[in-house]
Amino acid sequence: NNAMKLFVALSLLTTSRLHVTEAMLQQQQQIGSQRPYVFLQGLPPSSSNFLRTTGFGVFSNSDSQQQQQYSRRTTIRCMSQDLPSIEELKSDPFMKQISHSEKLVTLLGSVNDNGTAGDEDERIMSTTTNLLKAQLSHSDGIRGFFVTYLTALGDDTPADSLDVPLALTSAMMEADSSELIPLACMNVIMPTAMITMHEDEELSMQSQTTAERGLRVLQTLLSRGNTAQQCKAILAVAKGNIDGKIDDDVDVGLVEFWIEFFDKWGYKELQKRDIEQAMISLFA
């Protein structure tokens, strides 16, 4: 069923990032590597590093704004030749959606949404938004996109911005909430729990980064659909507020769902404490 599909797919986000990388590299081998740009270890690089290391030249931080703007637009035009189609984004299976998401996350990092956009920037914004809407229109696309978006290497990826990019926010507002919202919750719960479940310090730090990115996405969705109700139910389970002690404004059915989820993944008091703090931060 759909819930089980989500559980299986989400394990990619909470185990070693090398597992995700390996899967993406295998996918690249299947579809070929003839691309006008390069991804580091199968995952999208940070947008700033990507734009400074394209085949059009290497730019330093001291280069003029005009040079970097020219590089950004030239790169985007080159990328557009290799972007997935709307139909591919709407219909391709999960593993291909991961490959598509590499390109969309890089494109997303090139969008100028700081309020000073010109005509070309608006065109890029529109294109990016429409592609994201297509990918987020079904479960495989949603899962495939967030595998890349939340686990991309670096600390200045689109997911590391203080605010979720406008193109992604617009796409999420039109996505199927019955698929997106539970996944967005899991994308906070699972890496948060893995921070303390990992014995390897590096993997623990990676899980913390993924959890922080997921929290920004969930915060953006807080006013949509039943996101707040989902988060209240998760908070109740994490706090141990069950067995007749549930507040009136908490959905009992959702509580039962998340109890089963917590039990399935073996979360103990330490993980529940961290998940509780994450949920509390949403309502602060």
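The legends below describe close-up views of a predicted model, in which local features need pLDDT of at least 70, side-chain atom pairs count only at pLDDT 80 or more, and totals for chains, interfaces and linings use all residues. Residues are numbered from 1 along each chain as its sequence is written, and side-chain values use heavy atoms, with hydrogens and water left out.

**View 1. The chain as a whole.**
The chain has 14 helices and two strands; helices (H or I, at least four residues) and strands (E, at least two) are DSSP runs numbered from the N terminus. Of its 284 residues, 52% count as buried. Buried means under 20% relative accessible area, exposed means over 50%, and partly exposed lies in between (1.4 Å probe, protein chains only). Among contacts with a separation of 6 or more, 74% join residues 24 or more positions apart, a contact being heavy atoms within 4.5 Å.

**View 2. The largest nonpolar core.**
A nonpolar core is a set of buried Ala, Val, Leu, Ile, Met, Phe, Trp, Tyr and Cys residues joined through side-chain atoms within 4.5 Å. The largest one holds 57 residues, and Phe146, Tyr149 and Met279 touch the most other members. Helix H10 gives the most to this core, with ten residues. In soluble globular proteins, nonpolar side chains tend to be buried together.

**View 3. Helix H9 and its surroundings.**
Helix H9 covers residues 166-174, and its buried residues are Ala167, Leu168, Thr169, Ala171 and Met172. These pack against helices H6 (94-108), H7 (119-135), H8 (139-151), H10 (177-197) and H11 (201-220). Isoleucine 124, in helix H7, is buried at a relative accessible area of 3%. The C-alpha atoms of isoleucine 124 and alanine 167 are 9.8 Å apart, although the two residues are 43 apart in sequence.

A salt bridge is a side-chain nitrogen of Lys or Arg within 4 Å of a carboxyl oxygen of Asp or Glu, and the whole structure has seven of them. In this one, the side chains of glutamate 174 and lysine 133 meet at 3.0 Å, N to O. The pair links distant parts of the chain, with glutamate 174 in helix H9 and lysine 133 in helix H7, 41 residues apart. Glutamate 174 has 56% relative accessibility and so counts as exposed, while lysine 133, at 27%, counts as partly exposed.

**View 4. Other salt bridges.**
Aspartate 140 and arginine 143 meet in a salt bridge at 2.2 Å, N to O. Both lie in helix H8, three residues apart, about one turn of the helix. Arginine 143 counts as buried because its relative accessibility is 7%. Arginine 273 forms a salt bridge with aspartate 274, the closest N and O atoms being 3.0 Å apart. Of that pair, arginine 273 is partly exposed at 45% relative accessibility, and aspartate 274 is buried at 19%. Asp160, Arg213 and Arg216 are linked in a network of salt bridges.

**View 5. The loop between H6 and H7.**
Serine 110 lies in this loop and counts as buried, with 2% relative accessibility. A polar atom of the serine 110 side chain lies 3.2 Å from the backbone oxygen of threonine 106.

**View 6. Helix H13, its two sides and its ends.**
Helix H13 (residues 252-264) has 13 residues and reaches 18 Å from its first C-alpha to its last, close to the 18 Å expected; the expected span is 1.5 Å times one less than the number of residues. Leu254, Val255, Trp258, Phe261 and Phe262 are its buried residues. Seen down the axis of H13, these fall within an arc of 125°, so they line one face of the helix; the arc is that of the directions from the helix axis to the C-beta atoms. Glu256, Glu260 and Asp263 are exposed on the other side. At the start of H13, a side-chain oxygen of aspartate 251 comes to within 2.8 Å of the backbone nitrogen of glycine 253. Glycine 266 follows H13 and has a positive phi, near 70°.

Definitions and conventions. Polar contact = N/O pair within 3.5 Å; in protein donor to acceptor, adjacent residues only side chain to side chain.
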